[in-house]
Amino acid sequence: MLGAKDDDYQEFYSLSKKKVSRIFLPEAGGRECLPSEGWLCTVANNTGEMNLLHPFSRIKIQLPSRKDLLSFHGLDYLERAREGKRWHCVDKTILSANPSLTSDYTLLVHYYGGGSCLDFWRPGDLNWTEIDVVTDGGVCNIIFCKGQFYSVSYCGEVWAYDIAGPSITQPSVHTRLLAELEDDMFKLPSVQFYLVELSGALLLVTRYAIKPNHIYFTDDWLEYGRNEEGGAGRDMGTYNIEDGKIESFYPGLSVKEMIVAPVSELDSVLSDQQDRGTSY
């Protein structure tokens, strides 16, 4: 799903067909959208209302609000919103199964509320259930694999969470530490950790910052970019210090490419975009 151009329509880029489709989806307008299992966990910026939303059938499943998440730590969402402090955000969501196929699923969310926090919700639960995050490094990635949730921290700790399913009335979770990377090479600020499932195996992947002599830039305009023509999320790529070239991570036209491209190349790109019905 690409950055929104307006509140009523969303654009989706098909990796297999290599084309953009525009879909009427007003339920996602003005909301943070976090994907999992083909669904979107939507979070309203103004009220904190949360839902699971299927982007094509437009089916919604109501969740307890973000205000309920923050209440575990004595934080008032509306009060902090009035103060303009937006660091208390939901940034990761993982479903254990597709809600279109079964009601036996769990939703795990990660958010910042005075620190790194994990909570889960199951169909039938009236509120979120907090998970005690014992790592000092903060959670950088989460995944569901072989019946369990896993997280990896910024300091290289891998934790497993065994959460009771909806058939168990009382929400409960068993937490255990699986691995901890102690080598100093993993503690560099430029190292990022990911959990990846590959052919049934759970892998811990480390990524070191950058091709050498490259500057990586991301679209960090936050909510301001959503009001710009073309939407947010497109202005990201790398700048090669040696040859001065910019490589975009988005198959369309990024803002920086638009500035530095020679006129002849820019005309060609714009013509191609207009053929696909995209305006800039």
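**Contacts and burial in a predicted model**

Modeller: D125 and R122 are both buried (under 20% relative accessible area; exposed is over 50%, partly exposed in between; 1.4 Å probe, protein chains only). This is a predicted model, where local features need pLDDT of at least 70, side-chain atom pairs count only at pLDDT 80 or more, and totals for chains, interfaces and linings use all residues. Residues are numbered from 1 along each chain as its sequence is written, and side-chain values use heavy atoms, with hydrogens and water left out.

Colleague: How far apart are the closest N and O atoms of D125 and R122?

Modeller: A salt bridge needs a side-chain nitrogen of Lys or Arg within 4 Å of a carboxyl oxygen of Asp or Glu. D125 and R122 form one, with their closest N and O atoms apart by 3.0 Å.

Colleague: How many residues apart in sequence are the parts tied together by E49 and R31?

Modeller: E49 and R31 form a salt bridge, with closest N and O atoms 4.0 Å apart. R31 is in strand β3 (residues 31-36), whereas E49 is in the loop between β4 (39-44) and β5 (50-53). Strands here are DSSP E runs of at least two residues, numbered from the N terminus. The pair therefore ties together parts whose separation in sequence, in residues, is 18.

Colleague: Which class does the Y105 and W121 aromatic pair fall in: stacked, edge-to-face or tilted?

Modeller: Rings of Phe, Tyr and Trp (its six-membered ring) pair if their centres lie within 6.5 Å; planes under 30 degrees apart are stacked, over 60 edge-to-face, the rest tilted. For Y105 and W121, the centres are 6.3 Å apart and the planes make 55°, so the pair is tilted.

Colleague: Are Y105 and W121 buried or exposed?

Modeller: Y105 has a relative accessible area of 3%. W121 has 5%. Both values are under 20%, so both residues are buried.

Colleague: How far from C41 is the nearest cysteine sulfur?

Modeller: A disulfide takes two cysteine sulfur atoms within 2.5 Å. The count is zero. C41 is buried at 1% relative accessibility. Its nearest cysteine sulfur belongs to C33, at 9.0 Å.

Colleague: Which elements give two or more residues to the nonpolar patch?

Modeller: The patch is V196, L198, L203 and V205, with about 290 Å² of accessible area together (Shrake-Rupley, 1.4 Å probe, only the protein chains shown as cover). Patch residues have over 30% relative accessible area and no salt bridge; nonpolar side chains (Val, Leu, Ile, Met, Phe, Trp, Tyr) are joined within 5 Å, like charges within 9 Å. L198 is exposed at 51%. The elements are β15 (191-198) and β16 (201-208).

Notes: Helices (H or I, at least four residues) and strands (E, at least two) are DSSP runs, numbered from the N terminus.
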